[in-house]
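Dear colleague,

Please find below the structure that I am handing over to you. A summary of the findings follows it.

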Amino acid sequence: VREILETNTDKVGSYDYDAILEHGSWSNDLGYGRINAYKALLDVIGEDYGCGESIFTSPEETFGDGSLADVYDNNLNCSWLIQPDDAEQIELTVEELFLEPGDNLIIYDGPNASYPILETITYSENIDEPWLTAGSSAYIEFITNSTDVDYGWTISYESIGGGGGGG
(Lines give C-alpha, C1' and ligand atoms only; values in the text may rest on other atoms or scores of the structure.)
Protein backbone atom coordinates (compact mmCIF):
# COMPACT_ATOMS: atom_id res chain seq x y z
CA VAL A 1 0.00 0.00 0.00
CA ARG A 2 2.80 2.41 0.89
CA GLU A 3 4.46 1.87 -2.49
CA ILE A 4 1.20 2.50 -4.35
CA LEU A 5 0.59 5.70 -2.39
CA GLU A 6 4.16 6.91 -2.87
CA THR A 7 4.02 6.41 -6.64
CA ASN A 8 0.47 7.66 -7.27
CA THR A 9 0.10 10.78 -5.19
CA ASP A 10 1.12 14.33 -5.64
CA LYS A 11 3.56 14.80 -2.79
CA VAL A 12 3.24 17.91 -0.69
CA GLY A 13 6.01 18.69 1.76
CA SER A 14 8.84 16.38 2.74
CA TYR A 15 7.40 13.90 5.24
CA ASP A 16 9.42 10.68 5.31
CA TYR A 17 7.09 7.69 5.14
CA ASP A 18 10.01 5.31 5.61
CA ALA A 19 10.59 6.56 9.14
CA ILE A 20 8.79 4.21 11.52
CA LEU A 21 8.29 5.63 14.95
CA GLU A 22 7.33 3.44 17.92
CA HIS A 23 4.14 5.29 18.92
CA GLY A 24 3.69 7.45 15.89
CA SER A 25 4.57 11.08 15.74
CA TRP A 26 2.87 14.35 15.01
CA SER A 27 4.17 16.13 11.94
CA ASN A 28 3.38 19.64 10.82
CA ASP A 29 4.45 18.55 7.35
CA LEU A 30 1.63 17.63 4.96
CA GLY A 31 3.18 14.47 3.54
CA TYR A 32 1.37 12.96 0.59
CA GLY A 33 -1.62 14.78 -0.82
CA ARG A 34 -4.03 14.14 -3.67
CA ILE A 35 -4.22 10.53 -4.88
CA ASN A 36 -4.51 9.78 -8.58
CA ALA A 37 -7.03 6.98 -8.07
CA TYR A 38 -7.05 5.97 -11.74
CA LYS A 39 -3.27 5.55 -11.83
CA ALA A 40 -3.28 3.76 -8.46
CA LEU A 41 -5.90 1.31 -9.72
CA LEU A 42 -3.90 0.63 -12.88
CA ASP A 43 -0.81 -0.06 -10.78
CA VAL A 44 -2.70 -2.51 -8.58
CA ILE A 45 -4.10 -4.47 -11.54
CA GLY A 46 -0.80 -4.29 -13.43
CA GLU A 47 -1.93 -2.06 -16.29
CA ASP A 48 -0.04 0.82 -17.87
CA TYR A 49 -0.93 4.48 -17.64
CA GLY A 50 -3.12 4.44 -20.75
CA CYS A 51 -0.45 5.74 -23.02
CA GLY A 52 1.34 3.37 -25.29
CA GLU A 53 0.87 2.03 -28.76
CA SER A 54 -2.79 1.92 -29.70
CA ILE A 55 -4.34 1.23 -33.10
CA PHE A 56 -7.69 2.72 -34.08
CA THR A 57 -9.59 1.16 -36.99
CA SER A 58 -13.13 2.45 -36.44
CA PRO A 59 -14.48 5.10 -38.87
CA GLU A 60 -14.53 7.73 -36.13
CA GLU A 61 -13.26 8.00 -32.59
CA THR A 62 -12.33 10.45 -29.85
CA PHE A 63 -9.32 9.68 -27.65
CA GLY A 64 -6.74 11.41 -25.52
CA ASP A 65 -3.34 11.11 -23.93
CA GLY A 66 -4.54 8.57 -21.35
CA SER A 67 -4.48 10.76 -18.26
CA LEU A 68 -8.28 11.14 -18.16
CA ALA A 69 -9.15 14.01 -15.81
CA ASP A 70 -5.68 14.13 -14.27
CA VAL A 71 -2.36 15.50 -15.49
CA TYR A 72 -0.14 13.43 -17.78
CA ASP A 73 3.22 12.08 -16.62
CA ASN A 74 6.73 13.35 -17.32
CA ASN A 75 9.03 11.54 -19.76
CA LEU A 76 6.30 9.97 -21.88
CA ASN A 77 6.83 8.70 -25.40
CA CYS A 78 3.47 7.38 -26.56
CA SER A 79 2.04 6.64 -29.98
CA TRP A 80 -1.28 5.98 -31.66
CA LEU A 81 -1.95 4.70 -35.17
CA ILE A 82 -5.18 5.75 -36.82
CA GLN A 83 -5.95 3.49 -39.75
CA PRO A 84 -9.71 3.19 -40.29
CA ASP A 85 -10.96 0.39 -42.51
CA ASP A 86 -11.76 1.60 -46.06
CA ALA A 87 -10.76 5.22 -45.40
CA GLU A 88 -9.27 7.34 -48.19
CA GLN A 89 -8.33 10.21 -45.87
CA ILE A 90 -8.67 11.14 -42.19
CA GLU A 91 -9.83 14.42 -40.72
CA LEU A 92 -8.30 15.12 -37.29
CA THR A 93 -9.59 17.73 -34.86
CA VAL A 94 -8.05 18.77 -31.54
CA GLU A 95 -10.91 18.98 -29.06
CA GLU A 96 -8.89 19.91 -25.95
CA LEU A 97 -5.28 20.99 -25.55
CA PHE A 98 -3.38 21.61 -22.31
CA LEU A 99 0.38 21.17 -22.79
CA GLU A 100 3.39 22.61 -21.03
CA PRO A 101 6.51 24.01 -22.74
CA GLY A 102 8.69 21.19 -24.07
CA ASP A 103 5.80 18.72 -24.43
CA ASN A 104 4.78 17.99 -28.02
CA LEU A 105 1.98 16.26 -29.87
CA ILE A 106 3.20 15.29 -33.34
CA ILE A 107 0.84 14.20 -36.12
CA TYR A 108 2.39 12.32 -39.04
CA ASP A 109 0.77 12.02 -42.46
CA GLY A 110 1.12 8.24 -42.67
CA PRO A 111 1.28 5.04 -40.60
CA ASN A 112 4.54 5.74 -38.71
CA ALA A 113 7.08 8.40 -37.73
CA SER A 114 9.05 8.04 -40.95
CA TYR A 115 6.26 9.85 -42.84
CA PRO A 116 6.04 13.64 -43.21
CA ILE A 117 4.89 15.63 -40.20
CA LEU A 118 1.42 17.04 -40.71
CA GLU A 119 1.62 19.16 -37.55
CA THR A 120 3.67 19.57 -34.38
CA ILE A 121 1.46 20.91 -31.63
CA THR A 122 3.05 22.70 -28.69
CA TYR A 123 1.71 24.31 -25.54
CA SER A 124 1.12 27.70 -27.15
CA GLU A 125 -0.95 26.52 -30.09
CA ASN A 126 -4.38 27.95 -30.75
CA ILE A 127 -6.03 25.12 -32.66
CA ASP A 128 -9.14 26.02 -34.59
CA GLU A 129 -8.87 24.11 -37.88
CA PRO A 130 -8.85 20.35 -38.46
CA TRP A 131 -6.11 18.58 -40.43
CA LEU A 132 -6.71 16.28 -43.37
CA THR A 133 -4.27 13.48 -44.17
CA ALA A 134 -3.17 12.84 -47.74
CA GLY A 135 -3.76 9.10 -47.32
CA SER A 136 -5.64 6.57 -45.24
CA SER A 137 -3.63 6.68 -42.01
CA ALA A 138 -2.20 9.01 -39.39
CA TYR A 139 0.37 8.37 -36.68
CA ILE A 140 0.44 10.44 -33.49
CA GLU A 141 3.27 10.75 -30.98
CA PHE A 142 3.03 12.40 -27.57
CA ILE A 143 6.43 13.22 -26.12
CA THR A 144 6.84 14.95 -22.77
CA ASN A 145 9.90 16.28 -21.02
CA SER A 146 10.98 15.87 -17.40
CA THR A 147 9.61 19.12 -15.99
CA ASP A 148 6.06 20.48 -15.87
CA VAL A 149 2.86 18.58 -16.67
CA ASP A 150 -0.68 19.61 -17.60
CA TYR A 151 -4.08 18.09 -18.37
CA GLY A 152 -3.16 16.82 -21.84
CA TRP A 153 -5.25 16.62 -24.95
CA THR A 154 -8.18 15.04 -26.72
CA ILE A 155 -8.36 14.43 -30.47
CA SER A 156 -11.25 13.23 -32.58
CA TYR A 157 -10.98 11.82 -36.08
CA GLU A 158 -13.33 10.88 -38.88
CA SER A 159 -12.78 8.73 -41.97
CA ILE A 160 -13.27 10.47 -45.28
CA GLY A 161 -14.28 8.51 -48.37
CA GLY A 162 -14.25 4.76 -48.83
CA GLY A 163 -16.60 2.87 -46.54
CA GLY A 164 -15.95 5.22 -43.59
CA GLY A 165 -18.04 8.15 -42.40
CA GLY A 166 -17.72 11.66 -43.77
CA GLY A 167 -17.96 12.67 -47.39
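Predicted model: local features only at pLDDT ≥ 70, side-chain atom pairs only at ≥ 80, totals over all residues.

The score used is pLDDT, the predictor's confidence in each residue, from 0 to 100. Strands (E, at least two residues) are DSSP runs numbered from the N terminus. The chain averages a pLDDT of 78, and 64% of the residues score at least 70. Over residues 26-32 pLDDT stays under 50.

As to conventions, residues are numbered from 1 along each chain as its sequence is written. Local features need pLDDT of at least 70, side-chain atom pairs count only at pLDDT 80 or more, totals for chains, interfaces and linings use all residues, and side-chain values use heavy atoms, with hydrogens and water left out.

Five of the six residues of β10 are buried (under 20% relative accessible area; exposed is over 50%, partly exposed in between, with a 1.4 Å probe and protein chains only). β10 runs antiparallel to strand β5 (residues 77-82), joined by six bridges; two strands pair if DSSP finds at least two bridges between them. Within this pairing, isoleucine 140 in β10 is the bridge partner of tryptophan 80. β10 also pairs in the antiparallel sense with strand β7 (residues 104-108), over five bridges, and phenylalanine 142 in β10 stands opposite leucine 105.

Isoleucine 143 lies in β10 (residues 138-143) and counts as partly exposed because its relative accessibility is 29%. The C-alpha atoms of isoleucine 143 and asparagine 75 are 7.1 Å apart.

Yours sincerely

Methods: Contact = heavy atoms within 4.5 Å. Helix = DSSP H or I, 4+ residues; strand = E, 2+ residues; numbered from the N terminus.
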